[in-house]
Amino acid sequence: MEKGSETEKWKFQGNKGLNSSAVSVRGVYNMLMDTINNNQNNKTVIPLCRVDPTDNPLFRTTSVAHQAVAEAVQSYNFNCYPPTVGLPAAKRAIAKYLSSDLPYQLSPEDIFLTVGGTQAIDIILPVLARPGANILLPRPGYPQYDSRAASCLLEVRYFDLLPQRRWEVDLDSIEALTDENTVAMVLINPSNPCGNVFTHQHLKKVAETAKKLGICIIADEVYAHVAFGSNPFVPIGVFSSIVPVITIGSLSKRWLVPGWRTGWIATCDPHKIFQITGIVKNIISYLEITADPLSFMQAAIPQILEKTKPEFHLKNMNIMKEAADIFYDVCKEIPCLTCPHKPEGAMSAMVEINFAHVKGIIDDVDFCDKLAKEESVILLPGVTVGLKNWLRISLAVDPSDLEEGLSRLKAFSLRHETR
Ligand SMILES: Cc1ncc(COP(=O)(O)O)c(C=O)c1O
């Protein structure tokens, strides 16, 4: 038998269950890039699909962060494996940083260092999974939760975020979805993909609902403080005396360094319910068998959190606000697209396709495919984040790219308009 030929019999093959590209942002991005490469139309590619703040050249992290990392590397003190739960100084600094927004103090023992927000999700879902358990996810949401839940056999049930009510949680549906096997609900605030920031009042209602149902809250606050509208960012940990909260955080967005892969899990739980129920023990057990965030990144955290100047954050929020204004104004000029709510947080927005105003397009995927072919603009089909026939647009791009992308989107939409 010829080596490597198809006739050769091997006992192994790729796990088909792992083929999750149909639901991942990267999978869709790659697919649309292929579409553009196969249909060259000489237009520069404008990717408004993934949300990477470094796509905007105005977004550069603070020199404080660069210095902190450089010093940690140059010290030679952080070439070691880090402790399982994270470097004590980093844990102390994160506890202090998060506590400044809370009515009580977190302790360093409440903090666990992770490889970005992504690994925090990857850890917390299997920690909560048990045979027959289910978890409530927002729709639209962040697809990493769906993929991770599938891989740890955690059943997913979706509750709606209501566009006509500024993307608030449909609290009635939460009650209807919950049974004795429901363990947690996920809330992303500020919201990717919707671009809203939940009010203090609404978060309190969410906490009270979760308490009534006996489930904990996973608060995805990877976009914490990325809020540039009228609602200030409030961490739901503020209500952790009502319901225990597992907060997921990251340097990726607020410090504009998604490639540094540094995040955390914080258990906001003054009544120690996560200790009693064994969740904390399980998080530590999981950390013992998984990769750690880089030692020198952990070492840089205290300086990054403590020395970053407020002006750095303020400047970035002004840039995001301007992007949201540009986006919202152009959107109003496109009859087939409706943005129910001007973005005021995170770095993306959702728009609904109104099929009464377009012809020859069957759904959101078809819309994105034709837009990519004709205009080399890449948007994320809403189905990827759980909302068919909507589109997600990233606002974290070069302002001139955003304007050009929106102008091509408008031209495309008018060309396909029903007359
Ligand atoms: C809602 C949400 N959660 C988690 C993550 C993952 O965070 P990180 O990039 O720090 O891994 C992202 C990244 O885009 C996100 O949007």
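This is a predicted model: local features need pLDDT of at least 70, side-chain atom pairs count only at pLDDT 80 or more; totals for chains, interfaces and linings use all residues.
Visitor: Which residues does the cis peptide bond with an omega of about -15° join?

Guide: That bond joins Asn 189 and Pro 190.

Visitor: And where does Pro 190 lie?

Guide: Pro 190 is in a loop, with strand E6 (182-188) on one side and helix H7 (200-213) on the other.

Visitor: What about the cis bond with omega about 15°?

Guide: There the partners are Asn 192 and Pro 193. Pro 193 lies in the loop between E6 and H7, and Pro 190 is in the loop between E6 and H7 too.

Visitor: Changing topic. What is phi of Lys 272 near?

Guide: Phi of Lys 272 is near 60°, which is a positive value in a residue other than glycine.

Visitor: Where is Lys 272?

Guide: Lys 272 sits in the loop that runs between strand E9 (263-268) and helix H8 (273-276).

Visitor: Is Lys 272 buried or exposed, and why?

Guide: Lys 272 counts as exposed because it has 11 C-beta neighbours inside 10 Å, and the cut-off for exposed is 12 or fewer.

Visitor: Now Ser 376. What is its phi near?

Guide: Phi of Ser 376 is near 55°, again a positive value in a residue other than glycine.

Visitor: Which elements does the loop with Ser 376 lie between?

Guide: Helix H12 (364-375) and strand E12 (377-378).

Visitor: Buried or exposed, that Ser 376?

Guide: Ser 376 is buried, since 22 other C-beta atoms lie within 10 Å, and 20 or more is what buried requires.

Terms used. Residues are numbered from 1 along each chain as its sequence is written. Helices (H or I, at least four residues) and strands (E, at least two) are DSSP runs, numbered from the N terminus.
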